[in-house]
Amino acid sequence: MSIRKRTLFTMIGAAVLAAVSLPTSVAAFEPTKPIDFVIMAGKGGGADKMARLMQSIIEQEDLSARPVVPTNKPGGSGAEALVHLNGASDPDHTIMVTLNSFFTTPLRQPGLDVDIMEFAPVGRMAEDTFLLWVHKDEGVSSFDEFLAVAKERGDGWVMGGTGKNSEDNIITDFLNSNYGLSIKYIPYAGGGEVAKQLVGQQITSSVNNPSEALGFFESGDLIPLVAFTDERLPMFPDVPTLKESGGDFSYFMQRAVVGAPGMSDEAATYYSDLFTKVYESDAWQEYKSSKSLMGDFMAGDDLKAYWDTQRARHEDILKASGAIN
Amino acid sequence: MDILTSLMGGFLVALEPLNLGLAVLGVVVGLFVGAMPGLGSVNGVAILLPFTFVIQSMTGSATSPMIFLAAIYYGAMYGGAISSITLGIPGASTAVATTFDGRPLALKGQADRALVTAAVASFIGGTIANVLFTAFAPPLASVALKFGDPEIFALMLLAFATFVGLGGDDIPKTIFSICIGLVLATVGFDIVSGEPRLIFFDITGFSHGVRFLVLAIGVYGIGEMIWTVNSSRYGSTMSEVNVSFSRVLASIRKFHEAWKGTLIGSFLGFFVGILPAAGATPGSLMSYGVAKMTSRNPEEYGKGSVDGIAAPEAANNAASTGAMLPMMTLGIPGSPTTAVLLAGMVIWGLQPGPLLFTTQPDFVWPLIGSFYVSNIVALLVNLAFIPLFLWMLRMPFTILAPLIFVLSLVGTFAAYQNMFDVWLMVLVGIAAFFLRLLDYPLAPAVLAIVLGPIAEPKLRQSLLFSDGDFSIFFTRPIAGPITIIAIILILLPMFRLIRRKIRGNITT
């Protein structure tokens, strides 16, 4: 009897323990030290502002027991940041906010030995959009006029962009090869600098993200001609998409958070939950709509599948432009 | 008149108890961050950015948090000079030029004079810049926009020229030193092509380049320390310092001897600060070069000239105000610190851009008012602390040397959180000692590693514009004259040499 009783108690005890420990064991990971939050771009750009906004939301809503510490690693179109994450000594406390150089840089530089599928898919926070911008004094007010003038000027038409083989370069290559243009592309260190060059009329056009050109759009200095999106942007209802103008092309930039290769599943789950909360916060939603960002939250296998298609697409694009073989 | 009424309104908000308190707190934090080797205004502002949310939720406006961060920025500009003068290690990159003359003057037993000169020059530089900012912000913003790639490159060339054309120094050795700096500046990933360059021995640590502070702390911290140990082998170098407020007051009365350096630094620093991509570090180095070049006694520079302290200190404060100009009028950062401030403005829900002045006057004018207030606060706090800083100098060198060593290591680690950079810094320090034994000037190498990363992409972007044609630097209305002046300055010492040769032939 007594033995049976003891077994019964043990069984009940085990069941209770299991019931209590099951849900907690899934989210067992808690950061035990400050989290290294790498930004694969310089200070003051779109990615940097976004990362610091995420940091402040985490701080403000007290979402993490340990602070999130942003560090900029802009070198080599993200190569510096990718190498840093690849060799992270503590992958469970190393995350990164990405641009599309997450796809293109490993393709262009196989020597870096970076496989993006090994990174932990923490969460896609948004997809940034691209528009074609000109200065108001250029006298160009539609995409068709742009095509005519740019064709006439040949390589006297200058597009400024952020870095070589970057998102901006890809869009410029697309315009050149599909519309018979020979626009000259000049790489700069960041989107803010590109906007400044255009406002000062040092260059003739840009493909800035809305967040980079918004101030100058509101002041009337810069005019958007066409959006490289599938549908018109709510913030720019009068700006047609390239698809409306007959082009079959749209292009987005992933704004995602990834974990270092080798991050444990528990930690990945923890960060996914953390950034789901950031995504759902009022501050993030307001930022998203005020900067004309698109795309819903995505994590886990969905995000990995998205990376796979994006990587394949960028491989095609880079091959077509001759950047890789 | 309109500007004056807006400014008065701004002052009233900036002087509200909370805002004034935040300005004082910010200045003290900035002073500390600036004085700590390795940490500069960028780190201070970035680390405390999240804290501003607390302030914002308390006041409900973006003005108070911004006043706090701007005060840190100013405080750090003052603070950088403190360790440059008392320890010989630049507290921040913006204060490197201050070590050139601040340290020698301190070793002569006049550290109090060096510190007072730095503080007063900082104040005057900051205030002149504030007045220029208040009166001419919009027109100056459009001037900044006229500076395209060839113009910025021409300006960088001018900066190099001021260092080469100084005369007095050994010109070939100066050029050699600049070349060392330029080569080190190209290490790492190339901005234009994205390719890795000069990754020595495939060490990944080199992929982010040889950082500026690694070189500056190596040369002025470790290198200087070994030098002092070596030259004082048979005696102890302990600076005699008397600490008293009357000496501080006496130094203030003698400040007028540094007026020329102060004025050069104030105007040049402000102008360089306005230009995007430049900022306070190149501004202070260029001002030092120009002050030395235009001085009647250039041979005093490097040996404790008060002008040589005033010029870079006035310049780094003026430049930090200057860097605020493109940030507030265009939404474009003029320095790394303003880039972080911009991120803050976005987070607080403001839209930086050309419309900020018209749509957010409640934010803009109190902030401008606080620039003036913070500057006065920083001057007073700094002067009050000078006796405390001088106490550091009274330590015997046997204690000071290990302290400098530890601060150099900790400072480098604090700046980059990376042991590789710490080792590299020590190596640089040892190399710097031997170069100095051979009479190589090291300041030009430090200048080159600051200006190289700015100048190189501008050169290449310009040449992309012109399809490789160098005439782009001569035919543009602004770039042309600057380039020509720079080339004349570089050639000047050669003319002098030829003239001396001819004269020598006549007399013999």
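Me: How much area do chain A and chain B bury between them, and what share is on carbon and sulfur atoms?
Reply: This is a predicted model. The contact draws 44 residues from chain A and 44 residues from chain B. Between them the two chains bury about 3400 Å², and the carbon and sulfur share is 64%.

Me: Which side chains meet in a salt bridge at 2.5 Å, N to O?
Reply: Across the interface of chain A and chain B, the rule finds 2 salt bridges. A salt bridge needs a Lys or Arg nitrogen within 4 Å of an Asp or Glu carboxyl oxygen. The pair at 2.5 Å is K458(B) and E193(A).

Me: Which element gives the most to the side of chain A that touches chain B?
Reply: The rule also finds 11 residue pairs in polar contact across this interface. On the chain A side, helix 2 (46–60), helix 3 (79–86), strand 7 (184–188), helix 7 (191–199) and helix 8 (210–218) each supply at least two residues. With 8 residues, the top contributor is helix 2 of chain A.

Me: What is the volume of the largest cavity?
Reply: Searching the whole structure gives 4 cavities of 30 Å³ or more. The largest has a volume of about 220 Å³.

Me: Where does the largest share of the lining of the largest cavity come from?
Reply: The cavity has 21 lining residues; among those closest to its centre are K49(A) and Q351(B). Helix 2, helix 7 and helix 8 of chain A, with helix 14 (336–347) of chain B, each give two or more lining residues. The largest share, 4 residues, comes from helix 8 of chain A.

Technical notes:
Residues numbered from 1 in each chain as written. Chains lettered and ligands numbered in written order. Predicted model: local features only at pLDDT ≥ 70, side-chain atom pairs only at ≥ 80, totals over all residues. Heavy atoms only, no water. Contact = heavy atoms within 4.5 Å. Buried area = accessible area lost by both parts, 1.4 Å probe. Polar contact = N/O pair within 3.5 Å; in protein donor to acceptor, adjacent residues only side chain to side chain. 1 Å grid on protein atoms, 1.4 Å probe; cavity = no way out; pocket = protein on both sides within 12 Å on 5 of 7 lines; lining within 4 Å. Points joined across faces, edges and corners; volume = space filled by probe spheres on them.
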